[in-house]
Amino acid sequence: MNMEEKLSSEKVIVIDFGGQYNQLVARRVRECNVYCEIYSYKTDIEQIKAMNPKGIILTGGPNSCYEDNSPTYQKELFELGIPVLGLCYGAQLMMHVLGGKVEKAPVREYGKIQVAVDNASALFSDVAETTVCWMSHNDYISQVAPGFSICAHTADCPVAAAECAEKRLYAIQFHPEVLHTVEGTKMLYNFVRGICGCAGTWRMESFVEESVKQIREKVGEGKVLLALSGGVDSSVAAGLLSRAIGKQLTCVFVDHGLLRKDEGDEVEAVFGANGDFDLNFIRVNAQERYYAKLAGVTEPERKRKIIGEEFIRVFEEEAKKIGAVDFLAQGTIYPDVVESGLGGESAVIKSHHNVGGLPDYVDFKEIIEPLRDLFKDEVRKAGLELGIPEKLVFRQPFPGPGLGIRIIGEVTAEKVRIVQDADAIYREEVDKAAALCAKGDDAAVMWKPDQYFAALTNMRSVGVMGDERTYDYAVALRAVKTVDFMTAEAAEIPFAVLQVVMNRVINEVRGVNRVFYDLTSKPPGTIEFE
Ligand code: XMP
């Protein structure tokens, strides 16, 4: 969507007060087929007015709204005639600014709580009279602002929701955006589609069509260069650009020898000369070059740096061969934009770490980022629309430095082989077990990890195989449950599955005689090993 179309079409904006679920709010709104963007609470009101939103949502946040220097917003926001929904901190702030009272709660509520709602409220239309919601607050609304009435309460919280229907202002103390709030999506739907009157025009089919049109307009006869990593984002960007401009697109795929087993060939099968996409595909087999650079290097940050820098060098060399291009394409997606601090406030928590950054010496005039407005799940939907195979579209997150940060200590071709083989077995067995359980067994949903992989510890120990003493490496299995990859818990993979993996790894992967399961949460651990 270009700027003009963005302005004229329906949009809801999320004003970010630093809470941890802010991107989730925007995602849920988009699931209601309403386009939604996140802005910091520091955004000027004139800018907000100029965007002409159909509705405004104020997010949660870690502060107390009655304290000096807490994030706030001017009263005028509530007088624009635009519907406003405050969530948690946003709800308290709305009450505080409009003359209600917020104080420290006598009882702190945390977790799943039964909430009694008033179905007469447009916000709770079709919601059960008593419904489970996710609460997390230390402060509470002890008195609603003038003109507001209470439309939900719990045993400990007299104001779980309040409304001034006439002015279309709504405040919810709990978090409708998290899945634990059983009817949360319905409440958000009621707000954006009912109260705000959005028609629900945001759909992936139309996104693909629209983007293809815009890319053609923007690129004209120009040439586009894309660094394809084989990850979800760059693959979908490649698919989209290919559909729009065919052979005007050249993709450079650098195989750094730190990919998962067979992955380089899989990427080539999809995007290479025998694949289904119309584009120029260049595969650079830089394995040996990377291993040479990494020889003897054990310090994690140094390894990351070498891998990132080497990627830029290889990419530049290829770009030089191609000559000047008009556009450099990137697979930037909306969370990257928000997390790099351009959009929301919670951004600062996570510094973004992708391979390389921008190459210095590639000759291009402009950057093109066709997925800049999309969340990950939308990128995946666009990928399926474009005919990219499911295996690629639903790939797990995989770090730019690849297996380089899953091999503790020095990286060698031999260690890469070991971790690739062990990882392939582990993923195969977890996928098999998860698929079986998914046929009607809730347990799988509980343990199915969001990210899982094998890593190679730098530890060797004594074992016995047949009658022989062995002195081999230990493989570590990692599997985590996580919502945002900023915090994570070890997944409770059934012991029987782990045992199968252990047996297969030790029997099938030469050089391994011990298998560990990593129980560490994040924090204090990280998901990756280096
Ligand atoms: P950590 O190890 O920081 O990982 O807990 C959090 C998530 O980020 C991924 N990760 C990376 N992704 N480049 C990436 O593109 C990187 O350098 C990188 N390091 C970690 C990791 O796989 C996990 O999903």
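Tutor: Start with what an axis is here: a line fitted to C-alpha atoms, for a helix over the stretch in contact, with angles running from 0 to 180 degrees between N-to-C directions. Keep in mind that this is a predicted model.

Helix 9 spans residues 287-294, and helix 10 spans residues 300-322. Their axes come within 10 Å and cross at roughly 145 degrees. The crossing of helix 9 over helix 10 is right-handed. Who touches whom? From helix 9 come Arg289, Tyr290, Lys293 and Leu294. Helix 10 answers with Lys303, Ile306, Ile307, Glu310, Phe311, Arg313, Val314 and Glu317. Sorted by class, that contact holds 6 nonpolar and 6 charged residues, with no polar ones.

Charged residues in a contact raise the matter of pairing. Side chains of opposite charge can pair when their charged atoms come close. Across the model, 35 salt bridges are counted. One of them joins glutamate 46 to lysine 49, with the closest N and O atoms 3.4 Å apart. The cut-off for such a pair is 4 Å. Both glutamate 46 and lysine 49 sit in helix 3, residues 45-51. They are 3 residues apart, about one turn of the helix.

On the helix 14 side, the contact uses Ala422, Ile425, Tyr426, Glu428, Glu429 and Ala433. On the helix 16 side, it uses Val497, Leu498, Val500, Val501, Arg504, Val505 and Glu508. That makes 9 nonpolar and 4 charged residues, and no polar ones.

Helix 6 supplies Phe207, Val208, Ser211, Val212, Ile215, Arg216 and Val219. Helix 7 supplies Leu240, Leu241, Arg243, Ala244 and Ile245. The tally by class is 9 nonpolar, 1 polar and 2 charged residues.

Asparagine 33 lies in the loop between helix 2 (22-31) and strand 2 (35-40). Its phi is near 65 degrees, positive although asparagine 33 is not a glycine. Aspartate 262 has a positive phi of about 65 degrees as well. Aspartate 262 belongs to the loop between strand 11 (249-255) and helix 8 (263-271). Further along, the peptide bond from lysine 522 to proline 523 is cis, with omega near -15 degrees. The bond from proline 523 to proline 524 is cis, with omega near 10 degrees. Proline 523 lies in the segment after strand 18 (512-517).

The chain averages a pLDDT of 92, and 95% of the residues score at least 70. Over residues 343-356, however, the pLDDT is below 50. That stretch still has 33 contacts in the model beyond near neighbours in sequence. Where pLDDT is low, the predicted coordinates should not be read in detail.

How values were computed: Residues are numbered from 1 along each chain as its sequence is written. This is a predicted model: local features need pLDDT of at least 70, side-chain atom pairs count only at pLDDT 80 or more; totals for chains, interfaces and linings use all residues. Side-chain values use heavy atoms; hydrogens and water are left out. Contact means heavy atoms within 4.5 Å. Helices (H or I, at least four residues) and strands (E, at least two) are DSSP runs, numbered from the N terminus. Ala, Val, Leu, Ile, Met, Phe, Trp, Tyr, Cys and Pro count as nonpolar, Asp, Glu, Lys and Arg as charged, and the others, Gly among them, as polar. pLDDT is the predictor's confidence in each residue, from 0 to 100. A salt bridge is a side-chain nitrogen of Lys or Arg within 4 Å of a carboxyl oxygen of Asp or Glu. A crossing is left-handed if the near helix is turned anticlockwise from the far one by less than a right angle, and right-handed if clockwise.
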